[in-house]
Amino acid sequence: MRLRRHLVQLLVFAGTTAIWLAAAAPAYAGWFMPEQRLTTNSSQQMYPALSGTRVVYQDNRFGNWDISLYDLTTGTQRRLTTNTAAQRHPSISGTRVVYTDDRSGHSQLYVCNLSTNVHRRLLITTANADT
């Protein structure tokens, strides 16, 4: 059965420790897609964001908070950040991922270009962005 693109809305959400994918469609569409678990690591993963076929999320499997990406087309995951400080609260639009990074001792705003894997700081502040 082929579904028309405008009938489907993909939803990502965080469970207790994992990221899940579900599809929502109007009741008249006559189909159901069960929830699908995207992450299987026992560490915490949270704050998912979806753009197209990419899901980014905050991931604690490497001993501190990092940003990871799950590609819905290929079914692969990859770690986007590796700094020993915490990277949190990702958001994605197209090939750009924005996140907060605590490497300077307080939260700074960074962007990652997924096409080039280049990360750069967007905002320089002296106060904590969480306050």
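In the hairpin of strands S6 and S7, four residues lie between the strands, and glycine 75 takes a positive phi near 75°. Strands here are DSSP runs (E, at least two residues), numbered from the N terminus. This is a predicted model: local features need pLDDT of at least 70, side-chain atom pairs count only at pLDDT 80 or more, and totals for chains, interfaces and linings use all residues. Residues are numbered from 1 along each chain as its sequence is written, and side-chain values use heavy atoms, with hydrogens and water left out.

S6 and S7 belong to an open sheet of four strands in the order S4-S5-S6-S7, with antiparallel pairing. Two strands pair if DSSP finds at least two bridges between them. The edge strands, S4 (45-51) and S7 (76-79), each pair on one side only.

| Strands | Sense | Bridges |
|---|---|---|
| S5 (residues 54-59) and S6 (residues 66-71) | antiparallel | six bridges |
| S6 and S7 | antiparallel | four bridges |

Across these pairings, valine 56 has leucine 69 in S6 as its bridge partner, aspartate 59 stands opposite aspartate 66 in S6, and tyrosine 70 stands opposite glutamine 77 in S7. S5 and S6 also form a hairpin, with six residues between them; glycine 63 in this turn has a positive phi of about 100°.

Both faces of S6 are covered: Asp66, Ser68 and Tyr70 on one side and Ile67, Leu69 and Asp71 on the other are all buried. Buried means under 20% relative accessible area, with a 1.4 Å probe and protein chains only. Glutamine 58 lies in strand S5 and counts as buried because its relative accessibility is 2%.

Definitions and conventions: Buried < 20%, exposed > 50% of the residue type's maximum accessible area, 1.4 Å probe, protein only.
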